[in-house]
Structures are given as structure tokens and as C-alpha cells.
Amino acid sequence: MSSLAFSVLFLSFLGVTVLLRFWLSSRHIRHVVAHRHAVPAEFAEKIPLYAHQKAADYTVARTKLGMLSLMVNTVVLIGFTLLGGLQWLSVTLFKITGPGMTYQLALLASFGLISALIELPFDYYKQFVLEAKFGFNKMTLGLFISDLVKNTLVAIVIGLPLVWVILTLMDKSGDLWWLYAWFVWTGFQLLMLVLYPTVIAPLFNKFTPLQDESLRTRIENLMQRVGFASKGLFVMDGSKRSAHGNAYFSGFGGAKRIVFFDTLLARLGPQEIEAVLAHELGHFKLKHIVKRIVVMFAISLGFLALLGYLKTQVWFYTGLGVDPLLIGNNDAMALILFMLVLPVFTFILSPLSSITSRKHEFEADAFAAQYTNAQDLVSALVKLYEDNASTLTPDPLHSAFYDSHPPASVRIQHLLASR
Ligand SMILES: [Zn+2]
């Protein structure tokens with residue numbers, strides 16, 4: 001391929017993706033606004049009008065912020081690539097460090113830093129203006145800053161050695177480097193499944209064993225019925241950051257733990273909590289989690305093989321506004337370019353992952369209905385939708401691209417039909 005042909009291909013995909021995303025967002029806003037005046041009939045008795053309208057306004061505000069962020073990110077992407085941002089960064093660093101690992105790490109680190117700095121005002125605005133306006137923000141500025149510092153340190157402590165290993169493999173292990181890198185990446189992901197709940201998450205939140213005796217008995221009974229062994233039930237102080245509620249599992253094998261946000265426990269009754277947990281256990285028992293991990297590993301193998309090819313093609317660099325170095329190597333640059341442009345070529349495929357994920361949600365709902373009461377899950381879902389100000393009337397096409405969960409009304413219809 002010629003470098004011009006690749007530039008044209010990249011710009012065409014970028015144009016299609018950006019236009020498609022703008023179109024989906026504006027459809028979504030129109031759809032939500034058009035349904036703002038009345039609660040959908042099937043929820044009329046369960047959700048008050050003011051909550052429905054708050055959800056509509058919250059959705060519109062978030063979607064608009066998403067459009068602004070898309071605009072900025074598109075300009076940044078073109079700036080980094082075709083307008084020569086990465087080329088300038090590379091030349092500047094190369095003058096200071098010369099060829100070698102220092103140059104490569106410096107390039108990756110400064111690219112990461114610049115991207116994070118561009119993202120920062122959006123994160124700040126989202127938390128302290130948007131979330132605050134709708135009453136969801138519980139974070140102080142001090143916590144925001146300490147999170148930022150901790151996240152940066154974790155990224156350095158964990159990311160730097162990983163990147164060093166991958167760059168060394170790219171440089172020294174020959175044509176099959178991508179296969180070895182895949183083994184490293186896979187091993188790293190598995191290690192993170194263990195390290196995240198036990199080491200990383202506790203840096204940010206406090207986890208205390210679930211105290212409530214009767215709730216614990218209820219949950220232990222459910223786990224026994226379902227046949228699930230766990231290392232413990234924990235409550236996480238999610239309320240120090242946000243009023244949004246959630247429950248999740250982490251770890252695997254014997255180290256599995258179930259984590260409830262304190263905000264969820266405060267809001268749901270014992271039967272509803274049991275039903276929500278049964279849904280999560282359904283994901284586990286029906287092997288959704290294992291399947292998702294296997295698919296992720298297969299996809300990353302494919303992408304690494306693709307990168308193995310692209311890294312040796314001059315047009316991949318020049319087509320994206322970078323002159324490959326003649327002395328020293330271009331591995332870090334190849335990684336950066338690949339991470340930057342991959343989403344441009346894959347966004348169009350996102351409904352595929354939504355389809356699988358929705359199928360899994362229905363299956364987990366059916367599992368919960370089998371082991372607990374479907375009505376309890378319905379009332380829990382209604383409360384969670386209301387509390388999170390999730391819209392009940394998303395645009396169907398927008399939803400197909402972005403939502404991992406089926407629309408509330410469809411989920412609830414399925415659940416009620418299963419009784
Ligand atoms: Zn689920």
C-alpha cells in the first residue's frame with residue numbers, strides 16, 4: 001500500500017466513524033427529549049414524572065458532553081498523526097535521548113502524559129459540574145487529586161515494566177515477537193484478575209466484610225442453592241465518590257469475592273439485593289465471564305498479529321504523518337499509532353459485542369428469576385434505573401452501538417413473562 005492510500009483510508013474511516021457517532025448522539029438526544037413529557041406506560045406506576053425527567057436531562061447532558069469530547073479527540077487524533085504532532089515529539093525526544101530504550105519509554109510516557117492532560121478537564125467537568133448538578137457527585141477536590149496521583153503511580157509501577165518487556169520482545173525476539181508478547185499480555189491480564197481486588201482496589205476504597213447477619217445468611221443460602229463458593233462478602237464505600245450504586249464480583253478460583261457498593265445496600269431491600277446478586281451469579285454460573293475473557297484473549301492475539309505485520313510496513317508510519325527512524329527502532333511509535341487508529345477502524349463493529357453482551361444479560365436475568373423471585377429483580381432494576389437516572393427511552397440505534405445492557409423496558413418484559 002502507498003502511504004497516500006493509507007492516509008486516505010484512515011481519513012475515510014475517521015470521517016465515517018465521527019459522522020456516525022454524531023448522528024447516533026443527536027438521534028439519542030432527540031429521542032429522549034421527545035419522550036420526556038411522560039413516563040412510559042409500563043413504568044407509569046413505578047417511576048414518578050420528576051425522576052423520568054431528571055433521567056432525560058441527565059442523559060442529554062452526558063450525551064452532549066460526549067459529543068464535545070468526540071470533537072476534541074478527533075482534532076487531537078489528527079494533530080498527533082497527519083498534522084505532525086507525534087513526528088515533532090519523536091524528533092524532539094530523540095535529540096535528547098538518542099536511540100534506544102530510553103527514547104522508546106520517553107516517547108510512550110510523554111504521549112500518555114499529553115493524552116491524560118487533554119482528558120483531565122473533561123474528567124473534572126464531568127465529576128464536579130455534570131454529576132454534581134444531578135446530585136451524584138460525592139467526591140471532594142482533595143479526593144479527585146489523590147485519585148489522580150494514585151492512578152498515575154499505579155500506571156507507572158505496573159505499566160512501565162510491562163511496556164519494557166513488550167518493547168524488548170518487539171526488538172529482540174524476531175518475527176514471532178507478537179506471539180511471545182501475547183503470552184506476556186495474557187499472563188499479565190490473569191495476574192491482574194488476582195491483583196486488582198486484593199492490592200489495587202483497596203488503594204482506592206475501603207472493603208469491609210458484610211456485617212448484616214440476616215442479609216449474610218440470606219446470601220449464603222442463595223450461594224448454596226446455586227452452588228457457588230466465595231472467599232467473602234464485602235461492602236465497598238462507593239459513596240465517597242458517587243451516589244451511583246453497583247454490585248460486582250472479582251477474582252477467580254478460590255479467591256472470588258462479592259462486592260456490594262454501600263449505596264446499593266442502602267437503597268435495596270434484602271430480597272432485591274438477593275435478586276441482584278443472583279443475576280451476577282448467573283453471569284458466573286453460565287460461564288459468561290470465562291467466555292468474555294477467552295474472546296478478549298483471541299481478539300488480542302489477532303490484533304497483535306496485525307501489529308506484527310504493520311510494524312514492518314513503512315506506509316503505516318508515513319501514512320499517519322510519521323517518518324520512521326533509520327537508526328534506532330520504531331516499536332514504541334508503532335504501539336502508539338496502533339492504539340490511536342485501531343478504534344477508528346473498529347467502531348463500526350461495536351454492535352457485535354453489544355449483541356453478545358445483551359444475550360448474556362437476558363440469560364443472567366432468567367437465571368435470577370429461576371433462583372429468586374423475578375418480581376424482586378424487577379423492583380430492584382426499577383430502583384437502580386431511577387437512582388442512576390438511566391433513561392428508559394434510549395434511541396434504539398444508539399443503544400445498539402453503546403449499551404451493553406438491553407433497554408430496561410425490554411428486560412422487565414422478559415422477566416415478567418418468565419414468571
Ligand atoms: Zn448483568
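The protein chain in this predicted model is built from 16 helices and four strands. Its radius of gyration is 24 Å, close to the 22 Å that the globule rule gives for 419 residues, so the chain is as compact as a globular protein of that length. Along the principal axes, the C-alpha trace spans about 65 × 50 × 40 Å. Of the 419 residues, 45% are buried. The accessible surface of the chain comes to about 20,800 Å², and carbon and sulfur atoms account for 68% of that area. Contacts across the sequence are also worth a look: among those between residues at least 6 apart, 76% join residues at least 24 apart.

We can turn next to the interior. In soluble globular proteins, nonpolar side chains tend to be buried together. Here the largest nonpolar core holds 49 residues, and the members that touch the most others are L86, L107, F316, L337 and L340. Helix 12, which covers residues 331-346, supplies the largest share of this core, with eleven residues. Another core lies apart from it and has 47 residues, including A278, A374, V378 and L415. Returning to L107, its contacts beyond the neighbours within four places in sequence are L89, S90, L93, A332, M333 and I336.

When neighbours within four places in sequence are set aside, L167 is in contact with M101, Q104, L105, L108, D331, A332 and L335. In sequence, L167 and N330 are 163 residues apart, while their C-alpha atoms are 9.8 Å apart in space. Helix 5 also contains S146, which is partly exposed because its relative accessible area is 27%.

L310 lies in helix 10, residues 288-310, and counts as buried because its relative accessibility is 9%, under the 20% limit. Not counting residues up to four places away in sequence, L310 touches W315, F316, Y317 and F338. One of these partners, F316, is among the residues that touch the most other members of the largest nonpolar core. L310 and A400 are 90 residues apart along the chain, and a distance of 31 Å separates their C-alpha atoms.

The zinc site comes next. The zinc ion is coordinated by NE2 of H279, NE2 of H283 and two OE atoms of E361, at 2.1 to 2.8 Å. Along the chain, these donors follow the spacing H-x3-H-x77-E. The site links distant parts of the chain, with H279 in helix 9 (residues 270-285) and E361 in helix 13 (residues 350-371), 82 residues apart. Both H279 and E361 are buried. What makes the arrangement of the four donor atoms irregular? The angles that they subtend around the zinc ion run from 51 to 137 degrees, whereas a tetrahedral label would need all angles to lie between 85 and 135 degrees, so the arrangement is irregular.

Most residues other than glycine have a negative phi. K287, however, has a phi near 65 degrees, a positive value in a residue other than glycine, and lies in the loop between helix 9 and helix 10. A389 likewise has a positive phi, near 50 degrees. This alanine, A389, is found in the loop between helix 14 (374-388) and helix 15 (396-402). With a relative accessibility of 2%, A389 counts as buried.

Finally, towards the end of the chain, S409 sits in helix 16, residues 408-417. Its relative accessibility is 14%, so S409 counts as buried. Leaving out residues up to four places away in sequence, S409 touches E42 and F43.

Note on methods: Residues numbered from 1 in each chain as written. Predicted model: local features only at pLDDT ≥ 70, side-chain atom pairs only at ≥ 80, totals over all residues. Heavy atoms only, no water. Core = buried A, V, L, I, M, F, W, Y, C linked by side-chain atoms within 4.5 Å. Buried < 20%, exposed > 50% of the residue type's maximum accessible area, 1.4 Å probe, protein only. Helix = DSSP H or I, 4+ residues; strand = E, 2+ residues; numbered from the N terminus. Contact = heavy atoms within 4.5 Å. Donors = N, O, S within 2.8 Å, 3.2 Å for Na, K, Ca; no water. Tetrahedral: all angles 85-135°; square planar, octahedral: opposite > 155°, others 65-115°. Rg over C-alpha atoms; globule rule 2.2 N^0.38 Å. Areas by Shrake-Rupley, 256 points an atom, 1.4 Å probe, with all protein chains shown as cover.
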